[in-house]
Amino acid sequence: MSYYFTIFSPTDTPLFTHEFGTSRSSGDGIAHFSPTDRHLAPFILHSALDILEEVQWGPSSTAGSAPMYLKHIDKYANNYVSCWITGANVRFLLLTRPRDEVLGQGGGLGGQRGSLAGGRLGVGGGGGVYRPDAPATEEAVKNFFVDVYESWVKTVMNPFFHAGNGDVVKSPVFRARVAAAAKKYL
């Protein structure tokens, strides 16, 4: 599977972008987006921001507090978007693209078959169909977001970084921590 991860500021400015592939089940850790998918990914994530705001400001499903992990919020063609919101309204969006070889395609968009979190087939039912709402998938994505959130908090605590001003994260340490979380969970 291929992933496109972006952190958006409260004003919808991309602060950090990282593209990677699955490291599970003989994955090489490299994103295998087609050129069309690679160019479409930022647009898919920006369009998901509208849905995110509806979900974010809608009724809370928990008692008294809004959740940070909003799970799977959007789907476009064969791309799925999951979300995490920080207390400062910084949004983490993860675009998931199931592998084409599992889909039985040579490339491009379309098809509804995929693999589950890291290429594991058949976990959570569905006979190999990618299900973003499967417990194993949700847990893997949530754990990825938790690790990235911990790294984000450490980065934001730096007095020279101002996320509210739209500063882009250029830290190689932060990028390495995101890559390590991706390798560990996705």
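Reply: The chain of this predicted model averages a pLDDT of 77, and 73% of the residues score at least 70, where pLDDT is the predictor's confidence in each residue, from 0 to 100. Because this is a predicted model, local features need pLDDT of at least 70 and side-chain atom pairs count only at pLDDT 80 or more, while totals for chains, interfaces and linings use all residues. Residues are numbered from 1 along each chain as its sequence is written, and side-chain values use heavy atoms, with hydrogens and water left out.

The residue to look at is Cys83, which lies in strand E4 (residues 79–85); strands (E, at least two residues) and helices (H or I, at least four) are DSSP runs, numbered from the N terminus. Cys83 counts as buried because its relative accessibility is 0%, and buried means under 20% relative accessible area, exposed over 50%, and partly exposed in between (1.4 Å probe, protein chains only). Setting aside neighbours within four places in sequence, Cys83 is in contact (heavy atoms within 4.5 Å) with residues including Leu52, Met68, Ile73, Phe92 and Phe145. From C-alpha to C-alpha, Cys83 and Phe5 are 9.9 Å apart in space, although 78 residues separate them in sequence.

Turning to the cores, Phe5 and Phe144 touch the most other members of the largest nonpolar core, which has 26 residues; such a core is a set of buried Ala, Val, Leu, Ile, Met, Phe, Trp, Tyr and Cys residues joined through side-chain atoms within 4.5 Å. Helix H3 (135–156) is among the elements that each supply at least two residues of this core, and H3 gives the most, with six. Cys83 belongs to a second, separate core of 17 residues, which also includes Leu49, Leu52 and Ile73.
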